[in-house]
Amino acid sequence: MQKLRFDAAHETKLFDVTWEQDRATRLEPIEFTKLLREQVPVLEFVKWEIKEVDQGAAETVLPLNAPSTNQHFTHQAALLVLAADYTGGVALASLLTGWPVLGVHPVTSRYSVSMWLLKVDIKFLRPSVSDLTVTAKIDPDLHERIQKRFFEGKTVVETIAIEFRNGDIPVAEATATYFARQSDKLRAEGISTERVNTLYQLKLTSSAEMIAGVRARETGGLFTDPYAFHMAGQHGVAIANRFCDRTPQLGGMVAARTRHLDDALKNYLRAGGRQIVNVGVGWDMRAFRLDLPEGTTLFELDFPTTLEERRRRLASAEVVEQPGVARVEIPIDLRTMSLAEVVAEKVDLDQPVFLAWEGMSMYFSEEEVRDILTGMRPLLSHPDSLLWLDLVDREPVETPENFPASIQQFMRGMRILGEPFTFGVDDAEDFLQSTGLRCLETVTSDLYLPEKDDPVYSVYQFCLVGRQAEHADETPLTFQAARFDGATTSIATPHFAMNGHATARNGSAGAMNSVADLPRQPR
């Protein structure tokens, strides 16, 4: 299949391709069938396939075989609905020329189609006793209206007529109603929840669930999270399994970043810091699973519907708050709101602040990342304040085909699954310096995964950042360089070469049992 550009260059207008090009690439029946079967394995199981695609029309076939039939060896009724769903979806997608369908085509930017089946009405006429041909057609008089609404960023709700035949014999007739919209137009602007799209809420919740599910898979190795399974729920565990099956490096990457951030945060607390700002908290459970000293305040920032669902899950799990530890929820939309303005008068800037921005930078544009870091910079005014963030290398994101097979497969997997990496850096230190920040440390995830020999881990890095220093040798007292020499979670103190303190190892003389026992180190 030829390669089409699925990038930001065209945004809200038709891609610069003809129908013939689109038909030969994005909509090519054999390749489109493969993509759908990859994402929906039941289609592979029953051998459903796309036969023809035209503008506003599609024809598919559901073979008569053992996997698709009941005890009478006739098609199961539910599979007719399944075939109708994807046939009508292909017909609608054919009008949105050049736009990749999220969750089907490899997506390399936020510009994609989100599509959802809303309703099916079906009338069964007779049992299906041979290969079933399914045909969906959209009235040509509606094509222009559908395209206009979509390319203006508006919601498309369209009902499509679908026919089912065994040869020339009608088997059933149906109508299927679909929702379609530019994926980037689903999100809300700001924190108003009055018109938040249900699909956008699902995406936010699913992302949080998926990461919790990955942590549930990885707990007990580099870190321990006894809450992860409950917070993920059945849905999150299932999503995590799918992501980790497609991108097997994901588990190790999440485990490594969790360990590095845990250790950096413990060291900050050890040095006397008591304010933590968790940007995009999701289902993060550090407020409960880490032994936090009394007087610690965690500011938990996320979209309001995510915070609401977080409260519900914490309550259902009957999670106990740590004594002397305060949690403050703050709603935010990072794309449209300044972090510094949102937390103004809540965070004490006369005291050190630890900012954690985990697992998010790679999903934004460079301009958005710069804006977000600009909004964070005022919170780093104290000389002992720190920012933790993770970054990926730029070239593997933009040109994975130039890298080893595992990197290509990982990036493709994230694109197919609808979570494409869209931003990376050539040099973390240079990039952060260009935003007015100072990179104190960069550690790649492979440091924590010495038993794994995979180049994917070397392009994923964790950064500790401070304010621009007046003197080159000025280092925050809360910062210690990372050093990792084992994969167990029983280390009593973080794996750091202490800044002015002897390193305490598990079982060694003088090892402390919790960060609450560690001496405070105020300036």
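This is a predicted model: local features need pLDDT of at least 70, side-chain atom pairs count only at pLDDT 80 or more; totals for chains, interfaces and linings use all residues.

Mentor: Gladly! Let's begin with a term: helices (H or I, at least four residues) and strands (E, at least two) are DSSP runs, numbered from the N terminus. Residues are numbered from 1 along each chain as its sequence is written, and side-chain values use heavy atoms, leaving out hydrogens and water.

Trainee: Why is His75 called buried?

Mentor: Buried means under 20% relative accessible area, exposed over 50% and partly exposed in between (1.4 Å probe, protein chains only). His75 has 6% relative accessibility, so it counts as buried.

Trainee: What makes the link between the side chains of His75 and Ser128 a polar contact?

Mentor: A polar contact is a pair of N or O atoms within 3.5 Å; within protein, one must be able to donate a hydrogen and the other to accept it, and residues adjacent in sequence count only if both atoms are side-chain atoms. The His75 and Ser128 side chains are joined at 2.7 Å. The side chain of His75 also reaches the backbone oxygen of Pro63, at 2.9 Å.

Trainee: Why is strand S11 described as largely enclosed?

Mentor: In S11 (residues 386-392), 7 of the 7 residues are buried, so the rest of the structure largely encloses this strand. Leu386, Trp388, Asp390 and Val392 lie on one side, with Leu387, Leu389 and Leu391 on the other.

Trainee: How do you know that S11 pairs with strand S10 and strand S13?

Mentor: Two strands pair if DSSP finds at least two bridges between them. S10 (residues 354-357) is joined to S11 by 4 bridges, running parallel, and Leu355 stands opposite Leu387. S11 and S13 (residues 460-467) share 6 bridges and run antiparallel; there, Asp390 has Phe462 as its bridge partner.

Trainee: How do you know that Cys439 is in no disulfide?

Mentor: A disulfide is a pair of cysteine sulfur atoms within 2.5 Å. The structure holds 0 disulfides. For Cys439, the nearest cysteine sulfur belongs to Cys463 and is 4.6 Å away.

Trainee: And is Cys439 buried or exposed?

Mentor: Cys439 has 14% relative accessibility, so it counts as buried. Cys244 is buried too, with a relative accessible area of 6%.
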